[in-house]
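Trainee: I have a new structure open and would like to go through it. Can we start?
Mentor: Go ahead and ask as you look.

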Amino acid sequence: MTNEQLQKMVEDISIKYFAKPFRHRAYFNSRLKTTGGRYHLNDHNIDINPKMDDGQTHEVLIGIIKHELCHYHLHLAGYSAKHNTKQFKQLLKAVGGSRYAPRTQTRTAQIKYIYRCERCGLEYHRRRRINLVKYVCGRCHGRLHLVNEIQQQGA
Ligand SMILES: [Zn+2]
Ligand SMILES: [Zn+2]
């Protein structure tokens with residue numbers, strides 16, 4: 001997605017969910033590491049972590065945009081831009097924004113190995129290989145086996 005497409009998406013969401021125009025700039029900022037997006041109090045622009053877009057449903061991205069637009073519209077209306085106000089919580093709920101920006105590396109992106117217990121079927125999602133000689137199922141002490149190795153997403 002380009003910055004132009006992001007800008008258009010933010011404008012559309014603003015009209016559709018907030019019934020107010022977004023008159024500033026929205027752009028991707030690949031320097032954002034742990035946050036999904038930021039609303040800037042000084043220039044009213046919004047920057048978005050490009051890793052938040054899945055390229056398909058844009059579901060996470062839309063949640064983040066709604067979140068940042070809550071800051072935007074409340075701030076421009078003279079309210080606090082903080083998270084812990086009644087206005088922010090109400091507005092966020094009303095538009096269905098995400099409460100927190102998801103971590104840059106989502107859990108699924110970090111998980112590389114899935115193991116399953118041969119006895120009780122419990123699954124273990126791990127970022128690193130498990131030493132199957134040393135480790136057994138924590139629930140039933142059954143043997144674990146590797147179900148699949150997930151290809152690392154281009155995160
Ligand atoms: Zn926020
Ligand atoms: Zn088990």
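Trainee: Where does alanine 19 lie?
Mentor: Alanine 19 is in the loop that runs between helix H1 (3-18) and strand S1 (26-28). Keep in mind that this is a predicted model.

Trainee: Is alanine 19 buried or exposed?
Mentor: Alanine 19 counts as exposed, because its relative accessibility is 65% and the cut-off for exposed is over 50%.

Trainee: And what is phi of alanine 19 near?
Mentor: It is near 55°, which is a positive value in a residue other than glycine. Most residues other than glycine have a negative phi. Histidine 58 is another case, with phi near 60°.

Trainee: Where is histidine 58 found, then?
Mentor: In the loop between strand S3 (46-48) and H2. Histidine 58 has a relative accessible area of 18%, so it is buried; buried means under 20%.

Trainee: Let's step back. How many helices and strands does the protein chain have?
Mentor: There are four helices and six strands. Starting at the N terminus, the order of elements is α-β-β-β-α-α-α-β-β-β.

Trainee: What percentage of the residues in the protein chain is buried?
Mentor: Of the 155 residues, 37% are buried. As for contacts with a separation of 6 or more, 45% of them are between residues 24 or more positions apart.

Trainee: Now the metal. Which residues are the protein donors of the zinc ion?
Mentor: His67, His71 and His83 are the protein donors, each through NE2, and they lie 2.0 to 2.1 Å from the zinc ion. Along the chain, the donors follow the spacing H-x3-H-x11-H.

Trainee: Which helix holds histidine 67 and histidine 71?
Mentor: Both lie in helix H2 (residues 59-76), four residues apart, or about one turn of the helix. Histidine 67 and histidine 71 are both buried.

Trainee: At what angle does H2 pack with H1?
Mentor: At about 65°, and the axes are 10 Å apart. That angle makes H1 roughly perpendicular to H2. H1 passes H2 in a right-handed crossing.

Trainee: Which residues of H1 and H2 make the contact?
Mentor: From H1, the residues include Leu6, Ile13 and Phe18, and from H2 they include Leu61, Ile65 and Leu69. By class, the contact of H1 with H2 has eleven nonpolar, two polar and one charged residues.

Trainee: What about H2 and helix H3, at what angle do they pack?
Mentor: H2 and H3 (residues 86-95) pack at an angle of about 135°, with 10 Å between their axes. That makes H2 oblique to H3. H2 passes H3 in a right-handed crossing. Among the residues making the contact are the zinc donors His67 and His71 of H2, along with Phe88 and Leu91 of H3. The classes in this contact of H2 with H3 are six nonpolar, three polar and one charged.

Trainee: One more. Where is the place of histidine 141?
Mentor: Histidine 141 is in the loop between strand S5 (123-126) and strand S6 (144-149). With a relative accessible area of 58%, histidine 141 is exposed.

Trainee: What is histidine 141 in contact with, leaving aside its neighbours within four places in sequence?
Mentor: Arg119 and Val136. The C-alpha atoms of histidine 141 and glutamate 118 are separated by 9.7 Å, and these two residues are 23 residues apart along the chain.

Technical notes: Residues numbered from 1 in each chain as written. Chains lettered and ligands numbered in written order. Predicted model: local features only at pLDDT ≥ 70, side-chain atom pairs only at ≥ 80, totals over all residues. Heavy atoms only, no water. Donors = N, O, S within 2.8 Å, 3.2 Å for Na, K, Ca; no water. Helix = DSSP H or I, 4+ residues; strand = E, 2+ residues; numbered from the N terminus. Buried < 20%, exposed > 50% of the residue type's maximum accessible area, 1.4 Å probe, protein only. Axes fitted to C-alpha atoms, helices over the stretch in contact; angles between N-to-C directions. Parallel < 35°, antiparallel > 145°, perpendicular 65-115°, else oblique. Left-handed = near helix turned anticlockwise from the far one by under 90°. Contact = heavy atoms within 4.5 Å. Nonpolar A, V, L, I, M, F, W, Y, C, P; charged D, E, K, R; others polar.
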